[in-house]
Amino acid sequence: QVQLVESGGGLVQTGGSLNLSCSASGRTLSSYAMGWFRRAPGKERESVAAITSSGRSTYHADSVKGRFTISRDNAKNTVYLQMNSLKPEDTAVYYCAARYVNSGSSYYTKSQFYDYWGQGTQVTVSS
């Protein structure tokens, strides 16, 4: 069992930055592919970024490419989402998710592939 806790959300002005963290307990994250998702009011949950268990490969949605960066520190059992140049349309609850994997070569962009989820952290970008 993996417990995930997100932190780092908050209220920021357009153009500002936030760095979200997802800390895990219960298992070492080095055997888990990780992802960040978000759900805006009235919208479906969407994939924002994903990373392989080794951290060698990453994915970023087109809507955040060039502004957001996913990374991980397996020694600290933590995954990060650095968010720069934030826009009002980035306002959402952000969730991290974990999927147990046997090798480090795959990341996952669909929520149904993930086994564990955090409780979410609110990000609000004011215009």
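Helices (H or I, at least four residues) and strands (E, at least two) are DSSP runs, numbered from the N terminus. This is a predicted model, in which local features need pLDDT of at least 70 and side-chain atom pairs count only at pLDDT 80 or more, while totals for chains, interfaces and linings use all residues. Residues are numbered from 1 along each chain as its sequence is written, and side-chain values use heavy atoms, with hydrogens and water left out.

**Figure 1**
Read from the N terminus, the elements run β-β-β-β-β-β-β-β-β-β-β. The C-alpha atoms fill a box of roughly 45 × 25 × 25 Å, taken along the principal axes. The radius of gyration, taken over C-alpha atoms, is compared with a globule rule of 2.2 Å times the number of residues to the power 0.38. For 127 residues a compact globule would have a value near 14 Å, and the 13 Å of the chain agrees with this. Buried means under 20% relative accessible area, exposed means over 50%, and partly exposed lies in between (1.4 Å probe, protein chains only). Of the 127 residues, 44% count as buried. A contact means heavy atoms within 4.5 Å. Among contacts between residues at least 6 apart in sequence, 61% join residues at least 24 apart.

**Figure 1. A disulfide joins C22 to C96.**
A disulfide is a pair of cysteine sulfur atoms within 2.5 Å. A search of the whole structure finds one disulfide, and in the link of C22 and C96 the S to S distance is 2.0 Å. The pair links distant parts of the chain, with C22 in strand β3 (residues 18-25) and C96 in strand β9 (residues 92-100), 74 residues apart. The angle about the S-S bond is 55 degrees, and the link is right-handed. C22 counts as buried because its relative accessible area is 0%. C96 is also buried, with a value of 1%.

**Figure 2. E6 is buried yet has no salt bridge.**
E6 belongs to strand β1 (residues 3-7). A salt bridge is a side-chain nitrogen of Lys or Arg within 4 Å of a carboxyl oxygen of Asp or Glu. For charge, Lys and Arg count as positive and Asp and Glu as negative, whereas His and the chain ends are not counted. The nearest side chain of opposite charge to E6 is that of R45, 9.0 Å away.

**Figure 3. R38, E46, R67 and D90 are linked in a network of salt bridges.**
The whole structure has four salt bridges. The side chains of R38 and E46 meet at 2.6 Å, N to O. R38 is buried, with a relative accessible area of 5%, whereas E46 is partly exposed at 33%. The side chain of R38 also meets that of D90 in a salt bridge, at 2.9 Å, N to O. This pair links distant parts of the chain: D90 is in the loop between β8 (78-83) and β9, and R38 is in strand β4 (residues 32-39), 52 residues apart. D90 has a further salt bridge with R67, at 2.7 Å, N to O. R67 lies in the loop between β6 (58-60) and β7 (68-73) and D90 in the loop between β8 and β9, so the pair ties together parts that are 23 residues apart in sequence. R67 counts as buried at 10% relative accessibility, and D90 is buried with a relative accessible area of 1%.

**Figure 4. H60 is found in strand β6.**
Is H60 buried or exposed? H60 is buried, because its relative accessible area is 14%. A polar atom of its side chain lies 3.0 Å from the backbone nitrogen of I70. Not counting residues up to four places away in sequence, H60 touches V48, A49, K65, F68, T69 and I70.

Technical notes
Polar contact = N/O pair within 3.5 Å; in protein donor to acceptor, adjacent residues only side chain to side chain.
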